[in-house]
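Trainee: Could you show me how to read a structure, one feature at a time?

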Amino acid sequence: MEFTVRSLFTMIHGMGFGALYLMACSGALVELHRRYRSPLCPETTIADEKFLRIYLTVMAVLAWLTVLSGAYIIYPWYRAVPPPGLANLARFPQRLLMSSPSTIGWHSIGMEWKEHVAWLVPIAITMAAAVVSRNGRNLRNQPQLRSAVLAFVWISLLAAGIAGFFGAMINKHAPVEGGTTIHLMEGGQR
Amino acid sequence: MMAHDASPQAGAPTFLNGGGAAALLAAGIGSFLLPVFAILGDQSAFFKALFIFWKPTGPLSGVTTCAIAAWLVAWLILHRAWRGRDVAIGRASTAALVLLLFGLLLTFPPIADLF
């Protein structure tokens, strides 16, 4: 069992930061709806407020780590240009996808959409973290502000889902590989 | 005008929403400008070259940096203008959501390619 340094960074970007954001976002939406929408929710305590503030701030950090690692670590490997005449494009994912009509869409639609839509996520969740942190329980009395913040968090989930889906599919068709090989362990025949 | 001063008299709102509205509208502006910059970089050779802030990432580096900078500047300006005030939050949140939805739609390549 082995993988390369580039695939390790891709996993950290997608399965680490990105997938963790998606899971955290589901939890945040449940909590925000429960807290501000449900008539059954009791008055929140200071500890509850602090927990939500920290939770949303961690989500914002995750979102920024995802887009920054994607744009400045993975994307340069993805869009690397091969030397002229190279037949094996395995180390050049963008060119590999563009080399076949059956896979070009993963780049021209998938990556082109993913590389931009993902950036809506940190903007939306940073705003939500800031508004919830500053206003806390007062949001209960501000239905329009509260609903708008919730809508931004929902859109951030959608945008992160789009980016995550295309990231996974692109990496399936043209994985980012290269760099030092890391051996995990030896496997035997069973 | 969207904003008005909060009155200290009885019955005045105790919670001033100007700061929240500023954050919200600025996020909408940033979300909208991101695909606008991306379209500019895609359609114009001049902007494409201009947006290459870091060569390995290409124009995406400039597009996203400019959008983030525009979002933060908008947030700063709106926050300074609206803090300590109660604003028409309905209009601010509607504008923010419309900008966000346009931003989301404009990131979709077949729509972005229409321009």
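Trainee: Is Glu43(A) buried or exposed?

Mentor: We count neighbours: a residue is buried if 20 or more other C-beta atoms lie within 10 Å of its own, exposed if 12 or fewer, and partly exposed in between, with C-beta atoms placed from the backbone. Glu43(A) has 7 other C-beta atoms within 10 Å, so it is exposed. Keep in mind that this is a predicted model, where local features need pLDDT of at least 70, side-chain atom pairs count only at pLDDT 80 or more, and totals for chains, interfaces and linings use all residues. Residues are numbered from 1 along each chain as its sequence is written, while chains are lettered from A and ligands numbered from 1 in the order in which they are written.

Trainee: Where is Glu43(A) placed?

Mentor: Helices (H or I, at least four residues) and strands (E, at least two) are DSSP runs, numbered from the N terminus. Glu43(A) sits in the loop between α1 (5-36) and α2 (46-78) of chain A. Glu43(A) and Arg140(A) are 97 residues apart in sequence, and 10.0 Å separate their C-alpha atoms in space.

Trainee: Which elements make up chain B?

Mentor: Chain B has five helices and two strands, in the order β-α-α-α-β-α-α from the N terminus on. Of its 115 residues, 40% count as buried.

Trainee: How do I check the length of α1(B)?

Mentor: The expected span of a helix is 1.5 Å times one less than its number of residues. For the 26 residues of α1(B) that should be 38 Å, and the end C-alpha atoms are 37 Å apart, which agrees. In α1(B), 21 of the 26 residues are buried, so this helix is largely enclosed by the rest of the structure.

Trainee: How many residues does the contact between the chains take?

Mentor: Two residues are in contact if their C-beta atoms, placed from the backbone, lie within 7 Å. Chain B supplies 32 residues and chain A 32 residues. On the side of chain B that touches chain A, α1(B) gives the most, with eleven residues.
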